[in-house]
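Open the structure in your viewer and keep the selection panel at hand.

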Amino acid sequence: MAHYAKISNLEFTITERARLEEVTREIDVIQSDNRASDEYIALRDLYGTKNTSETLESLKNDLNALYNDLSSLPAQEYVDAIQASIQAEKDVLAAEAQDLLDQMEVLENQGTETLVAEKESLELAISNALCRVTKVLTGVDEIVMKSGDSTLLQEEVRALEESKRDITYNIEEGEPAELIAINQQIQAKLEEIRAVPQVEFDNSAYWEGFYGGCKRTSYNTSGGVHKYGGTPFRKNYAAKGHIYDPVRDAFYAPQPYASWILNEDTCQWEPPVARPEGMDWHWKEDTTEWVDYVYINPKGEAPHPSWIWDTVKGGWYPPAIN
């Protein structure tokens, strides 16, 4: 059984996606105007003529003329010469057509260089943006057993099969000893191939695509360490609401406090001041220190300017009325 975290970066890329749509539309408008220009239309019309030429049609007629006399076939040397000329003319036309396509592409994209660079930058930013874990799925085990590598053995079998082609014999006399020996070698090699041990294959990439927008996560991995000594996978087990960082290829919890720092090795948040040993310590964000009394840090904005946060009970309360 494997676990897969469904992720989305929409909330982290709102601005980039909006600008990407704008840039894409701006590029489309410029390209459309460029395609409507007289210069582009002239290139396009010329490109449409490059599927043939007078020279090519003349050569084709010459080739057909060689077969007009049904009583005798033309000399192969004449056929080969004309076919070579036909191919050469086709190559010239193809090169000219490609050159025109290149010119059309340059003209179509004229004036979009800055926007294209911005578009590529936005696409990269979106692909590298943080993602939110929206769901964790239990799916098919990512490890499957596959046949081990038998490439060398298969090459030996092909070589043996190839060597049989050089052996000639009379069927009535039966197979010669040499052929029998080769067939025995082939069968022995096939037995070796069947005996190659199976190996584990990680099929995560397939299942991530199958479930769509998912990344595999390891239930037994925390802080970059696998609980049972296995391979730690993406630093931490994912949970709904957690973060997936595509640059670090890691899962981690949301930042608990603004002052806490992400440990690059474990991808877990650490306070700027180490927690003292003993007692029940509580983090006080406004002074960035540990305190030995109950302290619940404020959450969200006060519903009214006059309301006060209760650091013991946790919650916003109206001011006391005398």
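Select residues 151-163, helix α6, together with residues 177-195, helix α7: their axes come within 10 Å and cross at roughly 165 degrees. The model is predicted, with local features needing pLDDT of at least 70 and side-chain atom pairs counting only at pLDDT 80 or more, while totals for chains, interfaces and linings use all residues. Residues are numbered from 1 along each chain as its sequence is written, and side-chain values use heavy atoms, with hydrogens and water left out. Helices are DSSP runs (H or I, at least four residues), numbered from the N terminus. Axes are lines fitted to C-alpha atoms, for helices over the stretch in contact, and angles run from 0 to 180 degrees between N-to-C directions.

The angle makes α6 roughly antiparallel to α7 (over 145 degrees). Their crossing is left-handed (the near helix is turned anticlockwise from the far one by less than a right angle).

Next, show the side chains in contact (heavy atoms within 4.5 Å). On α6, pick Leu-153, Gln-154, Glu-156, Val-157, Leu-160, Glu-161 and Ser-163; on α7, pick Ile-182, Gln-185, Ile-186, Lys-189, Leu-190, Glu-192 and Ile-193. Colour them by class: seven are nonpolar, three polar and four charged (Ala, Val, Leu, Ile, Met, Phe, Trp, Tyr, Cys and Pro count as nonpolar, Asp, Glu, Lys and Arg as charged, the others, Gly among them, as polar).

Now move to helix α3, residues 54-65, and helix α4, residues 76-108, which pack at about 160 degrees with axes 10 Å apart. α3 is therefore roughly antiparallel to α4, and this crossing is left-handed.

Definitions and conventions
Helices (H or I, at least four residues) and strands (E, at least two) are DSSP runs, numbered from the N terminus. Angles under 35 degrees count as roughly parallel, over 145 as roughly antiparallel, 65 to 115 as roughly perpendicular and the rest as oblique.
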